[in-house]
Amino acid sequence: MTREPSNSKVSVAFCCLGNICRSPMAEAVLRHAANELNLSHLVGDIDSFGTSGFHSGDGPDRRTVQTCRANGVPINHVARQAKSNDFERFDYIFAMDRENLEDLKYMQPRGSKSQVLLFGTYAEDSRVDKIVNDPYYGGPDGFQRIFKQLDHFSRVFLKQLAADRANV
Ligand code: 4NP
């Protein structure tokens, strides 16, 4: 992956379908991991949104809140739908699954700055599934499973940012 060398903070947004389960959890997990690894100076804005507006204005799903709380991760978000200027505002927009990725690529204005990628691009451990599947219709196990995926991808992403910065 090519990246412009820069000393400025990187801005990141996460995207799923409803913006109440996966992407608000991803946002909270990345922020928490950056603090824990003492790498928060590398990351600026962190936000999340959905490809749909079905749940706009809602807080995160209670199972997302419970899972974050059980893992010591603060979470606070109000759902919203992706909008055109998000593709100028964020350096990275990370999709949870392939459908989110395709929808985002369809929405992305031509020539806009965001790199739109699957967050699972940052899987270092081949046992971790790269796709963050929708846990909405499943039980609480699904939420703990996606938490582990998001924590893994966040740590790999942050370590890669730190390594790139060290090489500038
Ligand atoms: P999310 O999960 O995309 O991870 O926020 C979903 C939340 C709600 C619905 C689907 C997925 N829904 O159909 O309402």
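1. With which residue does arginine 22 form a salt bridge? Its partner is aspartate 97, and the closest N and O atoms of the pair are 3.0 Å apart; a salt bridge here is a side-chain nitrogen of Lys or Arg within 4 Å of a carboxyl oxygen of Asp or Glu. Arginine 22 lies in helix α1 and aspartate 97 in the loop between β3 (92–95) and α4 (98–107), so the pair ties together parts that are 75 residues apart in sequence. Helices (H or I, at least four residues) and strands (E, at least two) are DSSP runs, numbered from the N terminus.

2. On the basis of the model: it is predicted, so that local features need pLDDT of at least 70 and side-chain atom pairs count only at pLDDT 80 or more, while totals for chains, interfaces and linings use all residues. Residues are numbered from 1 along each chain as its sequence is written, and side-chain values use heavy atoms, with hydrogens and water left out.

3. Both members of the pair in point 1 are buried: arginine 22 has 2% relative accessibility and aspartate 97 has 12%. Buried means under 20% relative accessible area, exposed over 50%, and partly exposed in between (1.4 Å probe, protein chains only).

4. The whole structure contains 12 salt bridges. One of them joins the side chains of aspartate 61 and arginine 63, at 2.9 Å from N to O. Aspartate 61 is buried, at 12%, and arginine 63 is buried as well, at 14%.

5. Arginine 80 and aspartate 86 form a further salt bridge, with their closest N and O atoms 2.9 Å apart. Arginine 80 has a relative accessible area of 17% and aspartate 86 one of 0%. Through shared partners, salt bridges link Asp45, Asp47, Arg80, Asp86 and Arg89 into one network.

6. Helix α1 (residues 22–36) packs against helix α5 (residues 140–166) at an angle of about 45°, with the axes 9 Å apart. Axes are lines fitted to C-alpha atoms, for helices over the stretch in contact, and angles run from 0 to 180 degrees between N-to-C directions. The two helices are therefore oblique to each other: angles under 35 degrees count as roughly parallel, over 145 as roughly antiparallel, 65 to 115 as roughly perpendicular and the rest as oblique.

7. Residues of α1 in this packing include Arg22, Met25, Val29 and Leu30, and those of α5 include Phe143, Ile146, Phe147 and Leu150. By class, the contact has 12 nonpolar, 1 polar and 4 charged residues. Ala, Val, Leu, Ile, Met, Phe, Trp, Tyr, Cys and Pro count as nonpolar, Asp, Glu, Lys and Arg as charged, and the others, Gly among them, as polar.

8. Aspartate 61 belongs to the loop between β2 and α2. Leaving aside neighbours within four places in sequence, aspartate 61 is in contact (heavy atoms within 4.5 Å) with Ile20, Cys21, Tyr136 and Phe143. Histidine 55 is also found in the loop between β2 (43–50) and α2 (62–70).

9. Histidine 152 lies in helix α5 and is buried, with a relative accessible area of 18%. Beyond its neighbours within four places in sequence, histidine 152 is in contact with Tyr122, Ala123, Glu124, Asp125 and Val128.
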